[in-house]
Amino acid sequence: MRESNIDIRPVTPHLGAEISGIDLRAASDATIATVKHAFAEHAVLFFKDQHLSPDDLLAVTGRFGEVLRVPYVAGMASHPDIIAVLKEADERRISTFGGTWHSDFSFLPEPPDATLLQAAELPRLGGDTLWANQYLAYETLSDGLKRLLDPLFAVHTGWPHGTTGPGPDAAVSRSIKMTRNDPGADKEVLHPVVRVHPVTGRKALFVNPVYTQRFAEMSVAESKPLLDYLHQHCTRPEFQCRLRWQDGMLVMWDNRSTLHLAINDYDGERRLLYRTTLAGAQPRGIAHMESL
Ligand code: SIN
């Protein structure tokens with residue numbers, strides 16, 4: 001497949017692009033550079049017709065950065081750096097992995113820059129994924145609220161908000177094994193509420209309803225009204241794009257500038273995807289960037 005066949009089509013005015021005419025397994029450095037450029041512009045990329053095996057997925061992920069072995073969720077026995085995102089057909093009326101708006105593992109001191117997800121087996125209908133643009137979420141706030149939020153930090157933890165934790169063997173379903181392979185993963189970690197993207201220089205809101213517990217130096221009760229407002233604001237429909245998965249599709253999304261959610265509407269059907277994660281750096285807030 002020649003590089004000149006690459007076609008990059010935005011899927012909404014503000015978020016997401018579909019890329020066709022590319023075989024990521026055989027991509028040249030120039031093609032990867034083109035993809036990185038598109039990634040900075042669109043934040044979520046849908047690659048058609050990739051059909052990557054687990055080995056291919058790891059190799060392709062490595063072209064974009066350092067592969068991260070994530071805490072809490074057990075990787076595949078054969079490929080520990082890959083999570084099999086699976087819900088079996090007989091797993092009805094249970095939560096699904098990633099079923100609430102979040103940025104992956106935002107509770108880590110260095111949260112992952114990006115995530116890749118390769119479709120392996122899809123329901124006939126349903127099981128779509130949504131993303132929401134967090135640059136827009138920030139940019140559409142009033143100047144007064146921006147000024148209030150700009151210097152703030154928030155506490156993120158690996159335990160779902162408001163609970164004391166799922167326990168050592170808890171599972172979203174029997175198909176996703178949550179583990180405690182990183183003893184530091186449930187520590188409180190502070191991140192700026194508004195982060196500056198290291199590649200684009202744009203400001204993005206960086207809170208989510210799964211891992212953000214409260215604002216730093218405030219109680220949960222004091223933080224709740226404003227966090228509730230931000231959580232509903234930052235997923236407004238006009239900030240979103242939605243993917244109806246296709247056979248062989250690979251998706252890569254930016255956890256620094258987007259939130260995402262897996263729609264759990266396909267009980268009775270099997271859904272399997274393979275997921276890798278790209279390591280990231282400590283998020284930088286506005287004050288830090290201005291001091292440089
Ligand atoms: C995730 O949050 O990584 C899962 C996304 C999906 O299954 O669509």
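Which element gives the largest share of the lining of the second largest pocket? It is α1, with three residues. Before I go on, two notes on how to read this. This is a predicted model, where local features need pLDDT of at least 70 and side-chain atom pairs count only at pLDDT 80 or more, while totals for chains, interfaces and linings use all residues. Residues are numbered from 1 along each chain as its sequence is written, and side-chain values use heavy atoms, with hydrogens and water left out.

Back to the pocket. On a 1 Å grid over the protein atoms alone, a pocket is an open set of points with protein on both sides within 12 Å along at least five of seven lines; a cavity is a set where a 1.4 Å probe fits but cannot get out; lining residues have an atom within 4 Å of a point. Volume is the space filled by probe spheres set on the points, and points are joined across faces, edges and corners. Helices (H or I, at least four residues) and strands (E, at least two) are DSSP runs, numbered from the N terminus.

The second largest pocket holds about 200 Å³ of space. It has 14 lining residues, and Lys36, Phe39, Phe64, Arg256 and Leu278 are the closest to its centre. Both α1 (29-42) and β15 supply at least two residues of that lining. By class, the lining has eight nonpolar, two polar and four charged residues. Here Ala, Val, Leu, Ile, Met, Phe, Trp, Tyr, Cys and Pro count as nonpolar, Asp, Glu, Lys and Arg as charged, and the others, Gly among them, as polar.

The structure holds three cavities of 30 Å³ or more. About 110 Å³ of space lies in the largest cavity. The largest share, three residues, comes from β16. Among the lining residues are His102, Trp253, His260, Arg271 and Arg275. The class count is six nonpolar, four polar and two charged.

The second largest cavity has a volume of about 40 Å³. Its lining includes Leu68, Arg69, Asp81 and Thr277. That lining has six nonpolar, two polar and two charged residues.

Next, the core. In soluble globular proteins, nonpolar side chains tend to be buried together. A nonpolar core is a set of buried Ala, Val, Leu, Ile, Met, Phe, Trp, Tyr and Cys residues joined through side-chain atoms within 4.5 Å. Buried means under 20% relative accessible area, exposed over 50%, and partly exposed in between (1.4 Å probe, protein chains only). The largest core has 29 residues, and Val44, Phe46, Val73, Trp131, Leu243, Trp245 and Val251 touch the most other members. Strands β3 (44-47), β4 (83-87), β5 (114-121), β14 (240-243) and β15 (250-254) each supply at least two residues of this core. Take Leu243. Not counting residues up to four places away in sequence, Leu243 touches Phe46, Asp128, Thr129, Trp131, Met249 and Val251, where contact means heavy atoms within 4.5 Å.

Some single residues now. Is His233 buried or exposed? His233 counts as buried, because its relative accessibility is 1%. It sits in helix α5 (residues 220-233). Its side chain makes a polar contact of 3.2 Å with the side chain of Thr140. For that term, we need a pair of N or O atoms within 3.5 Å; within protein, one must be able to donate a hydrogen and the other to accept it, and residues adjacent in sequence count only if both atoms are side-chain atoms. Beyond four places in sequence, His233 is also in contact with residues including Leu205 and Phe239.

Arg124 is in the loop between β5 and β6 (129-133). At 70% relative accessibility, Arg124 is exposed. Its side chain makes a polar contact of 3.0 Å with the side chain of Glu269.

Arg93 is not a glycine, yet its phi is positive, about 55°. Phe105 also has a positive phi, near 50°. Arg93 is exposed, with a relative accessible area of 80%, whereas Phe105 is buried at 4%.
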